[in-house]
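Hi,

Here is the structure I promised to pass on. Have a look first, and my notes follow below.

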Amino acid sequence: MAILVTGGAGYIGSHTCVQLLAEGHEIVVVDNLVNSKETAVKYIKGISGKDFNFYRGDLKNMDLVEEIFDKEKIDSVIHFAGYKAVGESVENPVMYYENNLITTINIINAMKKRNIRNFIFSSSATVYGNPATLPIREDAHLIAANPYGHTKLMIEQILKDLYASDHKWNITILRYFNPIGGHPTGLLADNPKGIPNNLMPYIIQVYQGKLKQVHVFGDDYPTIDGTGVRDYIHVIDLADGHAAALSKMKEPGVHIFNLGTGTGYSVLQLIKAFEKTNKCKIPYIIAPRRAGDIALCYADPSKAEIELGWKAKKTLEEMCKVVFI
Ligand code: NAD
Ligand code: UD1
């Protein structure tokens, strides 16, 4: 039996595929490559030394979804596919609702039809909005501040309602904090198309000379040095979290876990750590705050440690290390 990995050519999906193959799982990958490249599939196969079927196509197309479920022996789904850029979601909300919701609904319908009920969903710390207390626990208040966040909250609700309607479903919602880093081979990384929105890919492009300097969005937050604090987590630790969630998929229910380290670093601390690790200078300027940003966001990851036996292990240095190929 195989795990269907949607969005498996993307940043987090590709690292998770490597982890799943290393643990002996069979996988099937589907991705329309809207935000990734087919070379990622080749690299996953190369790194793992294992083969799998890859479907290039859009999960909004129900015919494709049915075809995959008909042809493959699937018993679980890890659903990464979706759009993830906050700014773009504000500019083009309908595109976000359409892509993130329809892909999810199509997959769930195909699973329902075949009595497949193991589903892992990529949610985000964005569902906590501006948290009232820190570190953030899974039972914190949920609120979305933009269409991207709304899609995550809506899908979480759909999954909770689905379970309420049929208690045989085994649903895990993983709320990621800020994934950074890449595969030690340098073959898999966060390579967004266009100018990056997120801090780490932006720093890397400054390092590569593609961009002039980092714009630090605000230095007057109530934090250690005035810049925003986030819980950065190595993408390989995150991938590991999916494998742990999968191996604990025994009890029906809706299981929700934060995947973070529990430690927050400021923008300036991250830039300094990057400089030290890669022995370079990253020029930056202080710019106005970015609309919608919050001061502090870091996880209480203890639930995942207790229930999944999972804990992030990689250091900030490992997260910052850039490998060129
Ligand atoms: P990514 O863009 O690298 O990967 C998503 C993949 O889904 C891409 O390869 C894209 O081509 C594919 N895709 C999108 N729409 C599709 C469709 N309709 N049909 C088929 N494939 C489609 O993003 P990522 O960083 O790997 O994120 C994976 C998931 O995790 C997303 O759901 C994202 O919202 C969520 N998430 C990411 C972060 C982060 O910081 N990267 C944080 C929290 C949550
Ligand atoms: C952003 C999204 C969030 C999403 C997450 C992962 C916004 C408002 N939030 O989170 O919904 O779940 O990505 O995809 O977009 N920063 C700079 N300069 C930059 C870029 C960022 O100073 O060029 C700062 C930000 O102000 C923040 C920190 O760096 O303090 C991290 O930013 P980013 O990597 O974009 O992640 P989040 O804002 O946490």
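Let's begin with charge: the mean positions of the 35 positive and 35 negative charges of the protein lie 3 Å apart. Here Lys and Arg count as positive and Asp and Glu as negative, with His and the chain ends not counted; each charge is placed at NZ of Lys, CZ of Arg, CG of Asp or CD of Glu.

Some ground rules: this is a predicted model, where local features need pLDDT of at least 70, side-chain atom pairs count only at pLDDT 80 or more, and totals for chains, interfaces and linings use all residues. Residues are numbered from 1 along each chain as its sequence is written, chains are lettered from A and ligands numbered from 1 in the order written, and side-chain values use heavy atoms, with hydrogens and water left out.

On the fold, there are 11 helices and 14 strands in the protein (DSSP runs numbered from the N terminus: helices are H or I, at least four residues; strands are E, at least two). Buried residues (under 20% relative accessible area, 1.4 Å probe, protein chains only) are 54% of the 325. Of the contacts (heavy atoms within 4.5 Å) with a separation of 6 or more, 79% join residues 24 or more positions apart.

Tyr202 counts as buried because its relative accessibility is 17%. Leaving out residues up to four places away in sequence, Tyr202 touches Ile195, Pro196, Leu211, Gln213, Val214 and His215. The C-alpha atoms of Tyr202 and His215 are separated by 9.1 Å, and the two are 13 residues apart along the chain.

Cheers

Methods:
Buried < 20%, exposed > 50% of the residue type's maximum accessible area, 1.4 Å probe, protein only.
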